[in-house]
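I opened the notebook to look up the pockets and one of the strands. The entries follow in the order in which I made them.

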Amino acid sequence: MATWGYGNDNGPATWVKSFPVAAGTRQSPIDIVPTAAKCDTKLTENPLTVNYSPEPAMELCNPGLSVKANIKSKSVIKGGPLEGEYKLEQFHLHWGSADKQGSEHTLNGKMFPAELHLVHYNATKYSSFGEAVDKPDGLAVFGIFLKISDKPHQGLKSLTDVLSEVQYKDKSINIKQEYNPVCLLPDNINKYWTYLGSLTTPPLCESVTWIVFEEPIEVSEDQMKAFRALCCGECGSAPIVDNYRPPLPLGNRQLRASFQ
Ligand SMILES: CCCCCOc1ccc(S(N)(=O)=O)cc1
Ligand SMILES: [Zn+2]
């Protein structure tokens, strides 16, 4: 059984063979068209609140198709479109082989060089990520666009400075200095779009309330190069690049905005 990936023979267009939900009605990512979004005051009346804690020895790993940090501390979010409290499980990224591509969500058809996903599960209703992952109200994922600037992103620097230590598949390290993932959020988290979607990789479960922030975070070209130096396998294997699923139709879904 060929494992899924992003190549010609195992990429997004082939996933439906093993994961029929790929042809479902609440798939992600989507193209975000701000003028088509409905401003919903219920989102502002109940502001999104983030309560992240420092992670003492955060585990950073290379699962082969991205780079992922696993969270053990109690970092939770609530409010906005969410009912109940959602607990941060992990975060990871998707990026391109060049700055012109890499993000999964697009903005008026425009791709960003990368997109950061902070993955939370509904801890009010479910006892673990594994239990929540296939429930319609199981997950909430923050989508944060990355854009290039001449300054490195300080919060990401603690990670990009050590990516060479997880260059190969199944390598993992612990970040020595305690790390609070709150440093990854844009300054203004009150401006976001939200819609009901799915995991953007197999098993593509339609279990995600997506919250995509309007404000990107800024990273340097050197930091992008560090992501592009990660390898899909062992020494000599292909670089991890273009690990993004292109957008799917919004269909009958409502895209809501927390702002005018
Ligand atoms: C049954 C185990 C499922 C493992 C896969 O978990 C995922 C997959 C994709 C995303 S993403 N790109 O939509 O944020 C988040 C979590
Ligand atoms: Zn993702």
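Entry one, the second pocket. I sorted the lining of the second largest pocket by class and got 5 nonpolar, 5 polar and 5 charged residues. Here Ala, Val, Leu, Ile, Met, Phe, Trp, Tyr, Cys and Pro count as nonpolar, Asp, Glu, Lys and Arg as charged, and the others, Gly among them, as polar.

I noted that this is a predicted model, in which local features need pLDDT of at least 70 and side-chain atom pairs count only at pLDDT 80 or more, while totals for chains, interfaces and linings use all residues. Residues are numbered from 1 along each chain as its sequence is written, chains are lettered from A and ligands numbered from 1 in the order in which they are written, and side-chain values use heavy atoms, with hydrogens and water left out.

The second largest pocket holds about 250 Å³ of space. A pocket is an open set of points on a 1 Å grid over the protein atoms alone, where a 1.4 Å probe fits, with protein on both sides within 12 Å along at least five of seven lines; lining residues have an atom within 4 Å of a point. Its volume is the space filled by probe spheres set on the points, which are joined across faces, edges and corners. I listed 15 lining residues, and Pro81, Leu82, Leu196, Thr209 and Arg256 lie nearest the centre. Strand 12 (residues 192-197) gives the most to this lining, with 3 residues. Strands are DSSP runs (E, at least two residues), numbered from the N terminus.

I read a volume of about 530 Å³ for the largest pocket. Its lining has 27 residues, with Lys68, Gln90, His92, Thr201 and Pro202 closest to the centre. By class, I found 14 nonpolar, 10 polar and 3 charged residues in that lining. Strand 7 has the largest share, 4 residues. Strand 9 (114-122) and strand 10 (139-148) are among the strands that each supply at least two lining residues.
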